[in-house]
Amino acid sequence: MSRFTPGPWLVNEENGSYGVFSNDALLAVTLSDDLKDKDAAKANAHLMASAPLLLEVIKQIKEHLDNNLIVTQEGLKINDSHLRDSIIDAILRAEGYRL
């Protein structure tokens, strides 16, 4: 799988449409004309632009879960296998290995 364009990704607005950019490269456009809620175009663009950061954070969380047990203040150990499975699935989807 080829690597995605590295972050940071930024949002720029022009005439009510929002572009997601990495340096000078246009990665995505959200068109407010296609949405009933005009603010959704801006929110969608910002969500897309945060993707590299979100992927990096979830990888850090997975690494933490791989190396530690989750224990509550009461001393209860939490089975985090379902959480780890969800995190691994999200990472694989973000990296293009799963649809």
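This note goes through the predicted model point by point, from its basis to its helices, core, rings and backbone.

1. Basis of the model. This is a predicted model, in which local features need pLDDT of at least 70 and side-chain atom pairs count only at pLDDT 80 or more, while totals for chains, interfaces and linings use all residues. Residues are numbered from 1 along each chain as its sequence is written, and side-chain values use heavy atoms, with hydrogens and water left out.

2. Helix α1. Helices (H or I, at least four residues) and strands (E, at least two) are DSSP runs, numbered from the N terminus. Helix α1 takes in residues 38-49, twelve residues in total, and its first and last C-alpha atoms are 18 Å apart, a span close to the 16 Å expected at 1.5 Å a residue. The expected span of a helix is 1.5 Å times one less than its number of residues.

3. A residue is called buried under 20% relative accessible area, exposed over 50%, and partly exposed in between, with a 1.4 Å probe and protein chains only. The buried residues of α1 are A41, A45 and A49, and they lie on the same side of the helix because they cover an arc of only 65° around the axis. That arc is taken from the directions that run from the helix axis to the C-beta atoms. On the other side of α1, D39 and L47 are exposed.

4. What the buried side of α1 meets. Contact means heavy atoms within 4.5 Å. The buried residues of α1 pack against the strands β1 (10-14), β2 (17-22) and β3 (25-31), and also against helix α2 (51-67).

5. The nonpolar core. A nonpolar core is a set of buried Ala, Val, Leu, Ile, Met, Phe, Trp, Tyr and Cys residues joined through side-chain atoms within 4.5 Å. The largest one here has eight residues, namely W9, V11, Y18, V20, A28, A41, A45 and A49. Both β2 and α1 supply at least two residues of this core, and α1 gives the most, with three residues. In soluble globular proteins, nonpolar side chains tend to be buried together. For the core member V11, when residues up to four places away in sequence are not counted, the residues touched are Y18, G19, A45, H46 and A49.

6. The aromatic pair. Rings of Phe, Tyr and Trp (its six-membered ring) pair if their centres lie within 6.5 Å, and planes under 30 degrees apart count as stacked, over 60 as edge-to-face and the rest as tilted. The structure holds one aromatic pair. F4 and W9 form this pair, which is edge-to-face, with 6.4 Å centre to centre and 90° between the planes. W9 counts as buried because its relative accessibility is 19%, whereas F4, at 32%, counts as partly exposed.

7. A charge over a ring. R3 lies over the face of F4, at 5.8 Å from the ring centre. A charge sits over a ring if NZ of Lys or CZ of Arg is within 6 Å of the ring centre and within 35 degrees of the ring normal.

8. Residue S17. S17 is found in strand β2, and it is buried, with a relative accessible area of 19%. Leaving aside neighbours within four places in sequence, S17 is in contact with N12, T30, L31 and S32.

9. A51 has its place in helix α2 and is partly exposed, with a relative accessible area of 33%. L53 also has its place in helix α2, but L53 counts as exposed at 57% relative accessibility. The C-alpha atoms of L53 and V20, 33 residues apart along the chain, are separated by 14 Å.

10. Backbone points to check. Most residues other than glycine have a negative phi, and most peptide bonds are trans. A cis peptide bond joins G7 and P8, with omega about 5°, and P8 has its place in the segment before β1. N15, in the loop between β1 and β2, has a positive phi of about 55° although it is not a glycine. N23, in the loop between β2 and β3, likewise has a positive phi of about 55° without being a glycine. N15 counts as exposed at 73% relative accessibility, and N23 is exposed with a relative accessible area of 73%.
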